[in-house]
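Look over the sequence and the model first.

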Amino acid sequence: MANKSIEIEKRTIAVLVDNEPGVLARVIGLFSGRGYNIESLTVTEVDPLEKRSRITVVTSGTPQILEQIKAQLDRLVPIQRVSDLSLEGPSVERELALVKVAGAGEKRVESLRIADIFRASVVDSSHDHFVFEMTGKSEKLDVFIDLMQPLGLVDVSRTGVVAISRGPQGL
């Protein structure tokens, strides 16, 4: 009997929902109740006139599990549309991070040098700290944060992934 390795995929799923109380709890409940992992979750109102919000979820699992997630999301009543941005063509994904680094002397100079390479902006500073703002792919943010660790990393706040498909069609 051959031993098959289980292929785990990461997917970005955009969900257009009616903006009403309890919708987010129902979506999260779908994931938690079945033991599905949410790696990133962002929510915002995108159409105040129609009272619609967009939920962007980054999750991972086997292809079969991911198809189940999409099918179960599609069946929730307040959901208007489910789109798997990872499969439905090209898309743009970004995340924002605020990264606080405390330090002096050479560590301070090095943190500024690395921030410049990564195109991070200084949004707050004093004689003993910087707060950098950076946007980009999650992997890029991960590398920047790792490089700041030995230079005096104090705190990190991240938005989670936001994503949108390329081209003229909307969700």
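Which residue of S3 does Glu 9 stand opposite? Glu 9 stands opposite Gly 61 in S3.

The model is predicted: local features need pLDDT of at least 70, side-chain atom pairs count only at pLDDT 80 or more, and totals for chains, interfaces and linings use all residues. Residues are numbered from 1 along each chain as its sequence is written, and side-chain values use heavy atoms, without hydrogens and water.

Helices (H or I, at least four residues) and strands (E, at least two) are DSSP runs, numbered from the N terminus. Two strands pair if DSSP finds at least two bridges between them. Strand S1 (residues 9-18) and strand S3 (residues 52-61) are antiparallel partners over 10 bridges.

An open sheet is formed by 4 strands in the order S2-S3-S1-S4, with antiparallel pairing. Strand S2 (37-47) and strand S4 (79-84) are its edge strands, each pairing on one side only.

Axes are lines fitted to C-alpha atoms, for helices over the stretch in contact, and angles run from 0 to 180 degrees between N-to-C directions.

| Helix | Strands touched | Angle of directions |
|---|---|---|
| H1 (residues 23-33) | S1, S2, S3 and S4 | about 160° with S2 |
| H2 (residues 63-75) | S1, S3 and S4 | about 0° with S1 |

Helix H3 (residues 105-117) and helix H4 (residues 138-148) pack at about 170°, with their axes 10 Å apart. H3 and H4 are therefore roughly antiparallel to each other, a term for angles over 145 degrees. Ser 111, Ile 114 and Ala 115 of H3 make the contact with Phe 144, Leu 147 and Met 148 of H4.

How values were computed:
Contact = heavy atoms within 4.5 Å. Parallel < 35°, antiparallel > 145°, perpendicular 65-115°, else oblique.
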